[in-house]
Amino acid sequence: MGKRNRRENNRREKVILPPELPPEISEDEIEVSDEDLQFVDENRDYAGFVSRLDTKSITKHVTRVADVKEDALEALYEKRVKRKALQKEQEESRVQVDPVDALPVKTSDGQLYYRTFSRTSEDGQNEDEAGIDRNSIDVDKSILRLTKTERREKLKKSKKEAKKQANESAKIEEGQETPQATVLAEVKEDLTAEESFENKKRKLAELGIELLADPESNIRSLKDMLEICKDDDDSISKLGLLSLLAVFKDIIPGYRIRLPTEKELEMKVSKEVKKRRQHESTLLSAYKAYLQRLLILEKKSVFRQVAVRCICTLLDAAPHFNFRESLLGAVVRNISSSDNVIRKLCSSTIKSLFMNEGKHGGEVTVEAVRLIAAYVKVHNCQLHPDSVEVLMSLSFDEDLGEAEKPVEDKKFRSKKHKRGKNFEEPKQLQASDRKKNRQELMMKMREEVAADYGAASLEPDFVARRTMQTETLSAVFETYFRILKHTMQSITSFEGKASSTAGTSGAHPLLAPCLNGLGKFSHLIDLDYIGDLLDYLKTLASGCISSDNYSEKHLKHLTVSERLQCCIIAFKVMRSNLDALNVDLHEFFIQLYNLILEYKPGRDDGGVFAEALKIMLCDDRQHDMQKAAAFIKRLATFALCFGSAESMAALVTLKHLLQKNIKCRNLLENDAGGGSVSGSIAKYHPYASDPNLSGALTSVLWELNLLSKHYHPAVSTMASGISCMGVAQNQAYFSALSPQEAFKDLSLERESFNQVDAMGRSNNKRIWFIHWGSKKSRYRKFI
């Protein structure tokens, strides 16, 4: 009860000041329109109550304040003035929304109030909005009293409208941003990006210079450079990779780092050893992280070229260092890449490793050859030719077996020396002990120096070198034989019904480099495998069919150039092992005899054809007369059908055969039966597959008469010179021109040769011969 009385007393004591009167306006400022005057005149009856109002009682009622002293009343008025000043400041800090953009609030007396929002934070905005609502409510109160429910609804509406107004104003501000502001923002972003790019480049340069200047004290800078390599900017990452490549090339030691074991770490060591161990472990961990980063980026197309370049450079610069297996695997994996730059980088790196074995002692060579052999096996011989062509850069020492003799002699001498020393022991016993100890020390020092010298010189002993060379050779020939076997299986499967595996592969990209490698290393092949090798080559050269049942259907799988190359390799293998082999190569002559007619200049390689003529016909021993005549007749027919370069190579070979086989010069006679020598076969068979059964001695070289009128002066002159060879002449084989050289010279001249000018000058052969002889002295001497 006591509390209620106190509250009621407080309510009674609370003083309510009268509202402020409207500002006084002078009568001169009041503007009254004619329409207003007309309206008042017409309705004077309705406005009569205004003249009867008691203004004095109204003023007294408004201005009175009951039971309040003058001091207290003055304080109340001062408070009201301060409150009004505060409201003005709050209104000045606000921004009034344009009436077009936001809907106003209409009070009960018909007045419109527009919402405002604060320029400061959202919290201030909410408080200001609440203040505005309170002011509006106070105004409404002064005009008309509202119930509680009406006030709540009005407050809710005002809050919702204020939120909507704030969202709309934010959208308006975003939309009102000019394009100049966006352009300026983009320019600022570009400038900041360029500045950060330049800063990172400068940091990379500084770290690299510090590492190169003093690697031991600045070895921890490698981690900072590795972090830069992980940057989001691709160009910065590439620069970081290349910078680390230059640093590692310079600071990698010339030995393989071996980290200490747990027992070695427990041992007490000096400060220098601790520092060295810490330096090596930090270097090795940074190098490992760098290689892992390279192997990850190698799989991304953006960084592939840079990553492969770094891997190849590291492997070539430091093949002796740690983690070379990972580098070598990555290089071999990309040696058959479709990207020409990557493939050339990897192949040149492998060739450099093969040619510079002094850097690694030959161990990397063995590992690389094994990896290439496994790579060829996994991909079923369907790789780029460069992946096998790199094996041509290998070099083998043939004197390793002979090098064991000096070692044995040294052992024998050492034993002899020991025996002599034993005989001289009684004499040494007579010497003083001091002299004896001195000799022992000298011997020990010499042995230690010899051991240290052998360890420092990266050359392994003869036994280790021979073991590595044997492993390398076995891996190389394993790869070559696998390629030959795969090619033969694909052709046989193509010939039969099961052509699913071979038909999909089509060409054999590794056959040509495989045959070239067999030709180069044929003298190193074991004699036990040469017979199998010749059988493989014979099968490939014949196209897996017999010579009696000749069909072009089954020969589409190997080109003429590849089959000619098989014949060439067979002759090279035979000549490199001439002392140990006695093999009949007649089957390869049959294949060459048939392949002469299958040759096409635009499709097949003329250089391979000229090489086959040189090795099989020009460089070979004395031929059988029937076989030589058959090749002479077929080469003359061949010279009529093709261009000047092929015709010249055929005529050079033809002249070689006529000079070696004097009896074959009877083909130059004009008798229908081939002159005095006709052989056992009475009729010439031009389409026979075996040269011994063709009966070429019964024919005549009438083709030379046509070739003497050839459009090319060199061919016509060569044919005329061959026609003038006599049967009685015993001409020596004096020419140094080979079919390969003739083909090469005329193929190079083919571009600049003018056929019309040559035909126009063919009437005056003496003038042409002098002119041609001045340019091509070799042809003049040969003819």
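## Close-up views of a predicted model

**View 1. A serine reaches back to the backbone of Asn705.** A polar atom of the Ser708 side chain sits 2.5 Å from the backbone oxygen of Asn705. This is a predicted model, so please read each distance here as computed from predicted positions. Ser708 itself is found in the loop that runs between helix H29 (703–707) and helix H30 (713–723). With a relative accessible area of 14%, Ser708 falls under the 20% limit and therefore counts as buried.

View 2. Next comes H30, where nine of the 11 residues are buried. Among them are Pro713, Ala714, Val715 and Ser716. Thr717, Met718, Ala719, Gly721 and Ile722 of H30 are buried as well.

**View 3. Glu562 is buried without a salt bridge.** Which helix holds Glu562? Glu562 belongs to helix H24, which spans residues 560–576. Although buried, Glu562 makes no salt bridge. The nearest side chain of opposite charge is that of Arg563, 8.4 Å away. A salt bridge needs a nitrogen and a carboxyl oxygen within 4 Å. Leaving aside residues up to four places away in sequence, Glu562 touches His508, Leu511, Leu515 and His557.

**View 4. Arg563 pairs with Glu598.** Here we stay with Arg563, whose side chain meets that of Glu598 in a salt bridge (3.5 Å, N to O). The pair links distant parts of the chain: Arg563 is in helix H24 and Glu598 is in helix H25 (residues 586–598), 35 residues apart. Are these two residues buried or exposed? Arg563 has a relative accessible area of 1%, so this residue is buried. Glu598, at 16% relative accessibility, also counts as buried.

View 5. The side chains of Arg333 and Glu298 form a salt bridge at 3.0 Å, N to O. Arg333 counts as partly exposed at 43% relative accessibility, whereas Glu298 counts as buried at 7%.

**View 6. Asp619 and Lys614 meet in a salt bridge.** Their side chains come to 2.8 Å, N to O. Asp619 is partly exposed, with a relative accessible area of 42%. Lys614 is partly exposed too, at 23% relative accessibility. The structure holds 16 salt bridges.

**View 7. A nonpolar patch lies on the surface.** Which residues form this patch? Ile25, Ile30, Val32 and Leu37 do, and together they have about 380 Å² of accessible area. Val32 can be found in the loop between helix H1 (2–13) and helix H2 (34–42).

**View 8. The whole protein puts the close-ups in context.** The protein contains 34 helices and four strands. Of its 783 residues, 37% count as buried. Among contacts with a separation of 6 or more, 74% are between residues 24 or more positions apart. The accessible surface comes to about 49,300 Å², and 52% of it belongs to carbon and sulfur atoms.

Key: Residues numbered from 1 in each chain as written. Predicted model: local features only at pLDDT ≥ 70, side-chain atom pairs only at ≥ 80, totals over all residues. Heavy atoms only, no water. Helix = DSSP H or I, 4+ residues; strand = E, 2+ residues; numbered from the N terminus. Buried < 20%, exposed > 50% of the residue type's maximum accessible area, 1.4 Å probe, protein only. Contact = heavy atoms within 4.5 Å. Areas by Shrake-Rupley, 256 points an atom, 1.4 Å probe, with all protein chains shown as cover. Patch = residues over 30% accessible without salt bridge, like charges linked within 9 Å, V, L, I, M, F, W, Y side chains within 5 Å. Polar contact = N/O pair within 3.5 Å; in protein donor to acceptor, adjacent residues only side chain to side chain. Lys, Arg positive; Asp, Glu negative; His and termini not counted.
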